[in-house]
Amino acid sequence: MDARLIDLSDRRYDRDVDGETSVATFGIDRTIGEGVVAGFSVGFQWSDTTSFDGLVKSETEGFTAGPYLAWRLSDRWAADGSLTYGESESKQKLIVFDGESRSQQYSGSLNIHGQYDLDGPLLRPKGSIFYMHSTGDAYDMRGSLLGRDLTLRFPDSEFDYGMAEASLELSNVFGEEYGHVIMPYGELTARYEFERPQGGEILSANLTVETPQPFLMTLRTGVRALLSQAVLVEIAAGYLSLGQPGLDIWEGKLYVSYRF
């Protein structure tokens, strides 16, 4: 199980956007060959976003599902990949208008990660690439203005999103002699969004179109604990928006793995 809580505050270009997202992913896998693991995961997501002093609101619920595969490349390197299908439903509010929309997402990811022993500390480099295609169904928003019933019609939509990441984790292992392994770590990640909806354009508080730069850095710190030969627990916190002034994204993470 991988559970995450994300808090967002966006004040770029005098915007007034606040949001919260909760994600819980559950997976089950098994070894199918020498150094190869195959599995299937199901995820659930809830998010709530407000902007323009509450005049625009969105509440979204969704799920994802798909297979994943991991394989050992060498004594120091391994790779994993996944394919995922997802659906989400959003309740939208725009001033006096309300509506509901549905969308579908198709995504894939590929990661390669290594581990090097520095005579005590462990150095873990990682490279990742992620790509998603999203389609949205046409929907209506209805409301009343000056005593008149009005309807806004939004057509079908689609967009692509792609990003590449390179990260470096430094960790250390304690407590092996007592049978309960503890591994504190810190991780620095550089992210480049090479494909963004509408080229990355966002709406400012003055209703002008702005395009933030596609680079940002993330910083995470946490601890992993092997509580027994079967149970691994990880607790972490991260700041996900270094290099984007005015944008603050915080993340809390709980990961639990049980071998049976």
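Start by selecting E251, which lies in strand β17 (residues 247-258). The model on screen is predicted. E251 is buried, because its relative accessible area of 7% falls under the 20% cut-off.

Next, show what else surrounds E251. Which residues are in contact with E251, leaving aside its neighbours within four places in sequence? The set consists of R4, L5, I6, R220, A236, A237, G238 and L240.

Move on to Y185 and R224. The charged end of R224 sits over the ring of Y185, and the distance from the ring centre is 4.1 Å.

Now turn to the aromatic residues. How many aromatic pairs does a search of the whole structure find? The search gives eight. One of them is formed by W77 and Y116, so select both. A pair of aromatic rings is described by the distance of the centres and the angle of the planes. For W77 and Y116 these values are 6.1 Å centre to centre and 75° between the planes, an edge-to-face arrangement. W77 belongs to strand β5 (residues 77-94) and Y116 to strand β7 (residues 116-117), so the pair ties together parts that are 39 residues apart in sequence.

Colour this pair by accessibility to finish.

Methods. Residues numbered from 1 in each chain as written. Predicted model: local features only at pLDDT ≥ 70, side-chain atom pairs only at ≥ 80, totals over all residues. Heavy atoms only, no water. Phe/Tyr/Trp six-rings, centres within 6.5 Å; stacked < 30°, edge-to-face > 60°. Helix = DSSP H or I, 4+ residues; strand = E, 2+ residues; numbered from the N terminus. Lys NZ or Arg CZ within 6 Å of the ring centre and 35° of its normal. Buried < 20%, exposed > 50% of the residue type's maximum accessible area, 1.4 Å probe, protein only. Contact = heavy atoms within 4.5 Å.
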